[in-house]
Amino acid sequence: MSRPIRKVAVLGAGVMGTGIAAHLANAGIPSLLFDIVPADAGDAPAARNAFALKGIQGALKSRPAALHTPACAELITPCNYDDHADQLASCDWIVEVVVERLDIKKKVYQWVADNRAEGSVVSSNTSGIKLADMAAGMPEEMRSNFLITHFFNPVRYMRLLEIVSGPETDPAVVERMATFGERHLGKGIVYAKDTPNFIANRVGTFGMASVFKHMARHGLNVEQVDAIFGPALGRPKSAVFRTADLVGLDTFAHVISNLYDGVPDDECREYFVLPDYVKQMIANGQLGSKSGSGFYKKGVVDGKKAILALDTETLTYREQEKVRYDSLGAARKKDKLADKLQAVVYADDVAGKCAWDVTADTLIYAANRIPEIADDVVNIDNGMKWGFGWDVGPFETWDAIGVRRSVEKMEAEGRTVPAWVKDMLASGQETFYARGDDGLVRYAVKAGGTALVPTSDAELDLVTLRAQGREIERNASASLFDLGDGVLGLEFHSKMNALDNLIFEQYAKALDMLDADRFDALVVGNQDSRAFCAGANVLMILMGAMQGDWKGIESQIDQLQQLMMRAKYHRKPVVTAPHQLTLGGGAETTMHSAATVASGELYMGLVEVGVGLIPGAGGCKEMVMRYAGEFPQDIEYDPNPFVQKAFERIGLAKVATSAGEARDLGFLRATDTITMNPAHLLHDAKKRARGLADGGYVAPRKRTVKLPGPSGKAAIELFLYQMHEGGFATEHDVTVGKALAKVLTGGDIPPGTVRTEQDLLDLEREVFMGLCGEPKSQARMQHMLQTGKPLRN
């Protein structure tokens with residue numbers, strides 16, 4: 001049996017090396033972070049490990065955060081090559097992340113060969129040097145354990161891990177690393193070939209080079225291009241030039257130069273030449289975010305802070321213009337991505353024409369790279385989705401805009417469409433992908449026909465379940481699924497999965513099914529990449545308040561509270577599976593469960609104060625109970641510190657930025673588990689639910705808590721007064737804060753009074769209703785609906 005990966009050596013404490021070590025720490029894997037000893041370091045360990053220590057400090061300070069929590073840094077041990085060579089033998093995987101120079105890498109590999117344990121995996125994070133060149137001269141046993149593991153920066157957030165093996169790499173090592181990367185690090189694995197820049201950087205860099213070519217021809221500026229090649233085309237908001245600034249123009253120049261030199265036979269080689277203005281920007285030190293200026297820079301317009309855009313003719317900065325195109329306006333009105341794409345690429349305005357030119361270039365280029373860089377469409381599509389943040393890859397994009405329609409347009413313009421694409425159409429297959437009874441199938445480029453897209457045993461795909469007829473019931477906002485093995489699933493699919501009456505209706509039906517013994521357990525989750533649940537439907541509350549339907553609002557809040565309590569204390573286990581945005585009502589839904597299986601990437605908090613309200617579905621109650629409700633009530637304790645901490649979490653709208661931080665803040669329990677791979681989340685939640693049911697699950701008893709009453713409320717009001725006097729809180733913030741304090745301290749009671757969960761729910765509902773009637777709270781709700789941002793009033 002191969003040795004499990006329990007400890008890793010990371011060689012090189014630069015940005016990427018530190019990022020890999022940090023993400024290993026997020027996954028609970030200890031690492032040794034190696035770098036050279038600084039010149040004239042002396043004998044002090046801190047001085048000799050200075051470069052590694054600097055890397056760890058950089059990880060602690062980085063924004064966005066490289067670490068799930070600061071405590072994760074304790075799993076990274078700073079080392080140097082001279083003093084700690086003997087520790088290399090304790091590592092199961094050694095990943096080299098040094099400078100992209102073959103001579104330096106060769107020296108590092110000799111050091112590794114002299115000090116590693118036999119059977120340990122050795123890999124390089126190179127993005128441009130051929131595996132064959134790096135492996136030359138290695139001992140035979142080391143070559144059999146050598147491969148490329150190419151992470152993308154920032155390592156925590158970019159899901160892609162490209163794996164490249166050589167002819168002498170043991171296939172078992174490839175499988176071992178793919179399994180480790182997928183299961184433990186949460187990565188999406190793409191199998192690439194030993195070609196320049198592998199898959200994602202090869203296709204992605206070509207796409208950016210195509211933009212350079214066509215923006216000039218269409219007379220577009222920087223912000224116009226970014227408006228076109230952003231969300232309207234299923235791309236990140238950073239689009240082209242903001243992405244270049246984040247990556248760094250010097251880094252981009254290195255990648256594109258490496259491609260030009262490395263692909264002499266590429267039919268589009270001349271695309272891989274930087275425009276003169278980019279070369280001049282690099283010479284000027286305009287490298288992007290790292291230098292403070294690139295295609296954009298911070299500035300001032302009319303006395304206000306603003307982001308200025310580069311004029312590519314003069315290399316000076318100017319105020320951005322407001323970008324408006326009919327095609328982009330039409331795309332915004334579409335709900336489905338396929339409709340958005342078609343609205344843009346087939347439009348006659350300049351945005352549509354440029355989008356079409358770049359899209360056509362990129363689709364043809366990607367198709368021509370099979371089998372050069374990958375053997376199938378899936379690895380290329382996944383590379384672009386996971387490495388560049390595209391919503392859909394090139395071949396999925398081609399399906400979305402219509403393969404036959406687009407091919408006809410391409411050929412009418414004189415473009416050469418790859419023969420295998422035309423062969424596919426001639427065979428009667430109109431798309432690269434199709435949904436079959438057993439799952440998703442792809443067009444098999446070499447063999448023709450179709451082949452099943454492989455999936456992990458740890459994936460549970462709701463789209464496939466729906467195709468198999470396992471969706472039991474559906475309304476506009478939620479669905480019920482038979483997940484198999486006696487487990488029921490509840491999926492939210494309203495806009496941003498916000499809670500509404502239709503979701504409440506399906507949740508109640510799900511619990512009814514548990515009552516009727518049709519299922520043994522329930523999982524609440526979905527596979528929306530943006531949010532588990534972004535909160536309650538604010539419009540529903542605002543409309544009721546503006547119409548004066550106070551009884552209707554109170555009835556809804558009461559029903560929601562009872563629904564949450566019913567789920568939490570059901571005799572059968574309810575497991576929640578939150579991921580990404582889990583705010584307000586989403587956090588309350590998560591917390592009212594027998595157990596939670598959370599994605600590592602979790603942004604969770606009770607943020608209702610931002611719209612002038614407090615949590616009304618049990619969030620206030622649950623935070624107080626989690627902080628102070630676990631103590632036996634015959635023990636004398638001061639509840640004030642616990643109540644004040646709960647107030648900080650809710651009153652300051654604290655949002656955890658990882659599942660680990662959510663656990664530290666009390667949004668998750670110590671017993672709740674974390675899944676690193678989002679694609680595995682529903683599977684793991686189902687497994688947890690089934691395990692609880694099989695283990696003879698018994699619902700917990702309802703809790704009580706000792707609270708301070710008005711004396712505790714006074715302490716919080718003093719804090720609010722200081723915040724207001726310091727200019728950190730508005731008058732309405734203070735009003736909302738005092739209302740929240742009343743709930744958290746138990747209301748008008750003698751100090752030390754024991755309160756039940758229902759007592760706190762009643763207080764929550766009373767205070768919530770009072771705030772709904774506040775004109776300023778209504779103004780905040782309306783502002784949030786219109787702008788998506790909280791209002792300070």
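Valine 441 has leucine 452 of strand S14 as its bridge partner. The model described here is predicted. Strand S13, residues 439-443, is joined to S14 by three bridges. The two strands run antiparallel.

This pair belongs to an open sheet of three strands, ordered S12-S13-S14. Pairing within the sheet is antiparallel. Strand S12 (433-436) and strand S14 (450-452) lie at the edges, and each pairs on one side only. On average, neighbouring strands of the sheet are turned by 35° against each other, direction ignored.

Two helix contacts were examined. Helix H16 spans residues 377-388, and helix H17 spans residues 394-401. Their axes come within 7 Å and cross at roughly 100°. Angles of 65 to 115 degrees count as roughly perpendicular, so H16 is roughly perpendicular to H17. On the H16 side, the contact is made by Val377, Ile380, Asp381, Met384 and Lys385. H17 contributes Pro394, Phe395 and Glu396. By class, five residues of this contact are nonpolar and three are charged. No polar residue takes part.

The second contact pairs helix H15 with helix H18, the latter covering residues 403-412. Here the axes are 11 Å apart, and the packing angle is about 100°. H15 is therefore roughly perpendicular to H18. From H15, the contact residues are Trp356, Ala360, Leu363 and Ile364. From H18, they are Ser406, Lys409 and Met410. Five residues of the contact between H15 and H18 are nonpolar, one is polar and one is charged.

Empty space inside the model was also searched. Rolling a probe the size of a water molecule over the atoms shows where such space is left. In the whole structure, four cavities of 30 Å³ or more were found. The largest cavity has a volume of about 180 Å³. Its lining comprises 15 residues. Closest to the centre of the cavity are Met208, Arg235, Ala239, Val240 and Trp390.

Helix H8 (200-218) and helix H15 (350-368) each supply at least two residues of this lining. H8 provides the largest share, four residues. By class, the cavity lining has nine nonpolar residues, five polar residues and one charged residue.

Notes. Residues are numbered from 1 along each chain as its sequence is written. This is a predicted model: local features need pLDDT of at least 70, side-chain atom pairs count only at pLDDT 80 or more; totals for chains, interfaces and linings use all residues. Side-chain values use heavy atoms; hydrogens and water are left out. Axes are lines fitted to C-alpha atoms, for helices over the stretch in contact, and angles run from 0 to 180 degrees between N-to-C directions. Angles under 35 degrees count as roughly parallel, over 145 as roughly antiparallel, 65 to 115 as roughly perpendicular and the rest as oblique. Contact means heavy atoms within 4.5 Å. Ala, Val, Leu, Ile, Met, Phe, Trp, Tyr, Cys and Pro count as nonpolar, Asp, Glu, Lys and Arg as charged, and the others, Gly among them, as polar. Two strands pair if DSSP finds at least two bridges between them. On a 1 Å grid over the protein atoms alone, a cavity is a set of points where a 1.4 Å probe fits but cannot get out, and a pocket is an open set with protein on both sides within 12 Å along at least five of seven lines; lining residues have an atom within 4 Å of a point. Grid points are joined across faces, edges and corners, and a volume is the space filled by probe spheres set on the points.
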